[in-house]
Amino acid sequence: MSRRITLIPGDGIGPEVTEAALAVLAAAGVEIDWERVEAGADVVAKYGTPVPEGVLHSVRSNGVALKGPIGTPIGGGFRSANVTLRQSLDLYASVRPVKKIRGVPSRYDEVDLIVVRENTEGLYSGLEHRVAPGIVESLKIVTEAASLRIAKHAFELAEREGRREVCTVHKANILKLSDGLFLECARRVARDHSGVRHREIIVDNCCMQLVKDPAQFDVLLLENLYGDILSDLCAGLVGGLGVVPGANLGESCALFEAVHG
């Protein structure tokens, strides 16, 4: 029996890599009824938005979507379609496994970690405004509810997958209220999961430690922006963005894509 799944080919290289993914799935004998929908820069002129309401309805209805890369204008233009999809569908957990693949050249022999990124708030909330000429203010939103939810997801994933440790990545030495709240929520959740060790590390030190010895990490728990940046860094450890998958998970639906969206 086939499963109906939303397909968002995307734009740029999106359609090309999506067709390659479909060929792999077809060769594996997976029975899927693909519902193709349009999103990205190419549909803005037609619908006035890179993510038409029909796309959101399709994902909500089917519960699962496969998405190709969608480009985002730099310094202007429409809002990121990737962020719009994640926030509109409440896909709060970005889960990105990073594992050394035999035969793919890389600098390290052993890498096997999971990046768990909060996907709905932080600096990616998109709350920016001009205070005065030459002055722009961008608001970083961190809530207790979202922080507890993503921390719980990370620890439950670690337990389910037999992982030894969750390491919370933060900048609470400087951002004492926002990152401080995120870190405190992770500590609270950690107390309910005594079978998994909890470690804390400042984000800049984490970047250095990853390039020195990535094998020391197991599950990384991060806010939105840190998770985005470190996902790319971790992808570089195993050969590049093309060999790292990404899942955006919510309570009622999931969207799978290349790690960089």
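**View A. Polar contact between Asp-228 and Tyr-124 in the predicted model.** The side chains of Asp-228 and Tyr-124 make a polar contact at 2.5 Å (a pair of N or O atoms within 3.5 Å, one able to donate a hydrogen and the other to accept it; residues adjacent in sequence count only if both atoms are side-chain atoms). Asp-228 lies in helix 8 and is buried, with a relative accessible area of 18% (buried means under 20%, exposed over 50%, partly exposed in between; 1.4 Å probe, protein chains only). Beyond its neighbours within four places in sequence, Asp-228 is in contact with Arg-96, Arg-117 and Tyr-124 (heavy atoms within 4.5 Å).

**View B. The largest nonpolar core.** This core has 22 residues, and Leu-113, Leu-210 and Leu-220 have the most contacts inside it (buried Ala, Val, Leu, Ile, Met, Phe, Trp, Tyr and Cys joined through side-chain atoms within 4.5 Å). Among the elements giving two or more residues are strand 5 (112-118) and helix 7 (203-212); helix 8 gives the largest share, five residues. Helices (H or I, at least four residues) and strands (E, at least two) are DSSP runs, numbered from the N terminus.

**View C. Surroundings of Leu-210.** Not counting residues up to four places away in sequence, Leu-210 touches Tyr-108, Leu-113, Phe-217, Leu-220, Leu-230, Leu-233, Cys-234 and Leu-237.

**View D. Pairing of strands 1 and 2.** Strand 1 (residues 3-8) runs parallel to strand 2 (residues 32-36) over five bridges (pairing requires at least two DSSP bridges). Arg-4 has Asp-33 of strand 2 as its bridge partner.

**Notes.** Residues are numbered from 1 along each chain as its sequence is written, and side-chain values use heavy atoms, without hydrogens and water. In this predicted model, local features need pLDDT of at least 70 and side-chain atom pairs count only at pLDDT 80 or more, while totals for chains, interfaces and linings use all residues.
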